Amino acid sequence: MDNSNNEVYTIGICKEMCPSSEARLREKQGLLHILEVVPGTEHHKNPKADLKRVVKEFTRSAAGKSFLITENLRPPDVLLKTINYLLDECCEEAINTFDPHINNTHLQECLKRLLCTYDYFDNLEKSSKQEISSDFLVESRPYFESLSSLVKTSMRICLNYVNRNISKVIKLFKQLPLSLQMIAFLHLPEIRRTTLKIMASAYHSKNLTFPLDVLSDMLLYNCVDELIRDCNYYGLKIQQNGVQFMKTDFLEDKAKVKPRRSEEIDKTLKDTDISMFLLYGDH
């Protein structure tokens with residue numbers, strides 16, 4: 001069947017909790033759980049499968065093996081029925097049989113597949129995706145702890161920007177290697193615009209001003225004149241050596257200014273062997 005992007009996807013048609021072919025195979029191989037067999041056959045050499053209680057077994061993907069067989073795939077209503085059955089009937093397993101590693105691995109794989117599904121279909125509930133994304137982040141905490149310090153720094157920059165902790169963002173910028181600084185500085189116009197907008201409210205005053213030199217250093221301007229031009233562009237007034245922040249002065253409809261060259265980065269590049277930098281980075 002085609003979706004909105006005219007791409008083909010497979011719809012499951014298995015109406016049981018486990019495809020009958022798998023149930024019979026596991027019956028033959030003696031791989032049924034005691035809760036999946038017909039009562040009274042538990043002690044037989046090959047206990048019989050109770051098709052109303054057998055649940056599809058988790059199977060890892062393998063090379064050359066397709067999982068897109070409609071007869072083996074369960075549609076959403078059957079999956080929900082299976083989950084309800086497992087929760088209602090089969091959740092009294094002894095705690096000492098619980099394997100945290102296997103269960104966490106399975107959970108992460110399921111969450112990743114679900115997030116991919118949300119990305120694939122645009123018409124799914126957005127709030128549900130946010131909740132699942134949060135679940136995945138919490139579940140993946142050990143993975144994030146193993147990340148390199150550079151990746152962690154990059155993540156902290158993003159998180160601090162989302163939380164509007166601009167001073168921390170700028171501080172972390174300075175810790176980045178040259179290659180990442182060059183990328184990060186492309187976002188400075190947006191960061192500066194956001195900061196000036198926030199300060200227009202936070203430092204709103206008819207009598208007080210914020211020092212130009214301090215603000216220029218804080219937002220990594222090349223010089224005070226660049227800051228003054230941006231303030232004028234966004235409607236903020238300059239009084240002597242300071243910016244007069246007034247909430248009503250900031251021009252919301254003004255787009256961010258275009259990126260400027262960073263004199264600090266230019267200076268570093270002049271002392272850098274570009275060929276070696278492109279080949280090996282700035283280590």
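Is Y203 buried, partly exposed or exposed? Y203 is partly exposed, with a relative accessible area of 44%; buried means under 20% relative accessible area, exposed over 50%, and partly exposed in between (1.4 Å probe, protein chains only).

A word on the ground rules. This is a predicted model, in which local features need pLDDT of at least 70 and side-chain atom pairs count only at pLDDT 80 or more, while totals for chains, interfaces and linings use all residues. Residues are numbered from 1 along each chain as its sequence is written, and side-chain values use heavy atoms, with hydrogens and water left out.

1. Let's start with the rings. A search of the whole structure turns up six aromatic pairs; rings of Phe, Tyr and Trp (its six-membered ring) pair if their centres lie within 6.5 Å, and planes under 30 degrees apart count as stacked, over 60 as edge-to-face and the rest as tilted. Y203 and F245 make a tilted pair, with 6.3 Å centre to centre and 45° between the planes. This pair links distant parts of the chain, 42 residues apart: Y203 is in the loop between α9 and β1 (210-211), and F245 in the loop between β3 and α12 (263-270). Helices (H or I, at least four residues) and strands (E, at least two) are DSSP runs, numbered from the N terminus.

2. F245 is buried, at a relative accessible area of 1%. F245 also pairs edge-to-face with F210, at 6.4 Å centre to centre and 65° between the planes. Here too distant parts of the chain are linked, since F210 is in strand β1, 35 residues from F245. F210 counts as buried at 14% relative accessibility, and Y203, F210 and F245 form one aromatic cluster.

3. Next, the core. The largest nonpolar core has 31 residues, and I170, F173, L196, L215, L236, V243 and F245 touch the most other members. Such a core is a set of buried Ala, Val, Leu, Ile, Met, Phe, Trp, Tyr and Cys residues joined through side-chain atoms within 4.5 Å. At least two residues of this core come from each of α7 (166-173), α8 (178-184), α9 (188-202), α10 and α11. A second, separate core of six residues includes C18, A23, V37 and V54.

4. Which residues does I170 contact, leaving aside its neighbours within four places in sequence? They are L188, I191, M218 and L220, where contact means heavy atoms within 4.5 Å.

5. Two backbone spots are worth checking. L220 has a positive phi of about 60° although it is not a glycine; this residue sits in the loop between α10 (212-218) and α11 (224-233) and is buried, at 16% relative accessible area. Q240, also not a glycine, has a positive phi near 55°. Q240 lies in the loop between β2 (237-239) and β3 (242-244) and is exposed, at 78%.

6. Finally, two charges over rings. The charged end of R164 sits over the ring of Y161, 4.8 Å from its centre, and that of R192 over the ring of Y221, at 3.9 Å. The test is NZ of Lys or CZ of Arg within 6 Å of the ring centre and within 35 degrees of the ring normal.
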